[in-house]
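Student: I am new to this structure and would like to go through it with you, asking at each step what a term rests on.
Tutor: Gladly; here it is.

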Amino acid sequence: SSASRKDHAIVKEFREGCAAPLPVLRRVAEGIAADMRKGLNSDGGHSLPMIPTFVNTLPSGNEEGLFYALDLGGTNFRVLRVQLGGKDGRVIDTEFEQVAIPQDLMFGTSEELFDFIASRLGTFVQKESGKFHLPSGRLREIGFTFSFPVKQTSIDSGILIKWTKGFAVSGTAGKDVVSCLNQAMDRQGLDMRVSALVNDTVGTLAGARYWDDDAMVAVILGTGTNACYVERMDCIPKLQGHLPANGDMIINTEWGAFHDSLPLTEFDKALDAASINPGEQILEKTISGMYLGEVARRVFLKMAESGAMFGGSAPDKLSTPFVLRTPHLCAMQQDQSSDLKLVGKILSDTLGVDDSSLGIREMAIDICDAIVKRGGRLAGAGIVGILQKMDADSKGTIFRKRTVVAMDGGLYENYPHYRKYIKEAVIGLLGSEISKNVVIEHSKDGSGIGAALLAAANSKYA
Ligand code: ADP
């Protein structure tokens with residue numbers, strides 16, 4: 001099949017609807033900075049929750065000793081131990097294991113889930129070799145990364161607001177997840193102590209800060225998206241009267257919830273309406289890995305239904321939500337062959353569109369590019385919004401010196417075009433001089449020693 005004028009018109013209209021030129025990016029950056037202030041002022045009713053994490057001590061590099069990390073955030077959980085050797089020794093040794101969570105436990109009771117986690121942690125601790133040393137008289141300390149919405153009440157406690165990401169465990173919502181873990185460890189006869197409860201963005205920032213004193217912001221771009229940053233206590237009105245007003249605290253922005261001034265098309269609106277959380281997480285639905293492929297599928301489907309692109313009728317596969325994944329878009333954009341053979345294969349294998357012409361394959365790439373360009377540029381605008389807010393409240397100290405933004409997540413790691421568009425947006429917004437001071441880099445931590453570092457930085461024995 002080959003493309004018609006109708007197809008070209010659909011692509012053109014879509015590209016225009018997705019466009020995120022500098023004036024749009026400026027409005028988004030300003031909107032994020034403004035909503036950050038609102039969320040810091042008071043709880044509830046604002047687009048950005050701006051959750052206080054109670055983390056005010058980031059790793060310095062001097063941490064020493066044996067620490068554990070436990071990471072629960074999706075269908076796997078990870079356990080890790082690290083032996084830290086201070087400024088000179090750094091990370092002396094590290095070991096980890098990944099365990100798949102059995103499907104039935106995701107729908108079971110809180111006790112069953114936490115018993116399973118505690119028992120696997122116990123097995124991992126038993127395998128601790130002579131390379132790791134715990135001073136006598138101490139308990140093993142854990143940094144617990146728990147990537148579900150939690151209302152944190154201190155560095156080592158927090159109440160689960162609700163399960164997300166397919167978990168439907170009964171009896172945890174409204175409870176302190178650290179108590180749940182402690183009780184399960186008691187039942188398993190495992191004597192360890194949770195010293196830090198952290199969100200995955202906070203773990204990423206801690207991991208980056210351990211190696212680089214200039215790390216101030218962390219951004220996750222994976223299945224979903226989120227960002228955290230170092231805020232001054234005196235800029236968090238909603239905590240005043242509760243905590244001392246000096247020093248810093250990491251704030252979890254939950255920026256995926258942002259929704260103003262975004263360039264959205266009919267396809268984005270339909271995706272949102274069909275989602276399990278309509279009206280929520282609009283920025284996340286525009287820029288994160290779970291959704292980019294689905295937006296593209298919806299455009300292709302319209303072309304099949306009303307254009308000639310796919311021969312005037314839609315194959316079943318093309319009508320199936322989420323069949324086209326973000327890695328497919330990435331593979332299509334990386335196809336260097338003169339006849340775009342790989343694009344043709346993905347259109348055929350994944351969407352059921354056989355015998356596509358070169359013109360159609362080129363249009364498919366144009367659609368992927370429009371979506372990924374918008375995503376990367378909006379992510380860049382979000383980063384600039386956070387930095388501009390920080391800079392305004394610190395009398396210019398962010399832009400006048402080197403500032404590191406630590407990035408992590410499968411989308412950022414694997415999609416070179418997306419990374420390029422983030423960078424272009426940041427340079428476009430800040431100008432080439434200031435943007436030289438903003439270092440956006442992949443955090444080496446990745447696997448989550450950040451949480452173990454936070455357990456060390458917040459050790460009960462320090
Ligand atoms: P999670 O966010 O679920 O904890 P990751 O950080 O590993 O996990 O991110 C996974 C996401 O990264 C996937 O949903 C996908 O959107 C994106 N991704 C993974 N591999 C690629 C790839 N090769 N190209 C583009 N995106 C990818």
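Student: What separates the centres of domain 1 and domain 2, taken over C-alpha atoms?
Tutor: The separation is 31 Å, in a predicted model where local features need pLDDT of at least 70 and side-chain atom pairs count only at pLDDT 80 or more, while totals for chains, interfaces and linings use all residues. Residues are numbered from 1 along each chain as its sequence is written, and side-chain values use heavy atoms, with hydrogens and water left out. Domain 1 covers 1–50 + 212–443 and domain 2 covers 54–198, bounds that come from an automatic or database domain assignment.

Student: How many residues does each domain bring to the contact?
Tutor: Contact means heavy atoms within 4.5 Å, and seven residues from domain 1 and six residues from domain 2 take part.

Student: What area do domain 1 and domain 2 bury between them?
Tutor: Buried area is the accessible area (1.4 Å probe) that two parts lose on being put together, summed over both; here that comes to about 510 Å², with 58% of it on carbon and sulfur atoms. On the domain 1 side, Asp248, Met249 and Ile250 supply 58% of the area buried against domain 2, more than any other three residues.

Student: What makes Glu231 and Lys389 a salt bridge?
Tutor: The term asks for a side-chain nitrogen of Lys or Arg within 4 Å of a carboxyl oxygen of Asp or Glu, and the closest N and O atoms of Glu231 and Lys389 are 2.6 Å apart, so the pair qualifies. Glu231 lies in strand E10 (residues 225–232) and Lys389 in helix H12 (residues 358–392), so the pair ties together parts that are 158 residues apart in sequence; helices (H or I, at least four residues) and strands (E, at least two) are DSSP runs, numbered from the N terminus. The whole structure holds 26 salt bridges, but the count between domain 1 and domain 2 is zero.

Student: Which residues are around the ligand?
Tutor: Among them are Gly222, Thr223, Gly289, Leu411 and Tyr415, where being near requires a heavy atom within 4 Å. A polar side-chain atom of Thr223 lies 2.6 Å from a ligand oxygen atom, and a polar backbone atom of Gly289 is 3.2 Å from an oxygen atom of the ligand.

Conventions. A polar contact is a pair of N or O atoms within 3.5 Å; within protein, one must be able to donate a hydrogen and the other to accept it, and residues adjacent in sequence count only if both atoms are side-chain atoms.
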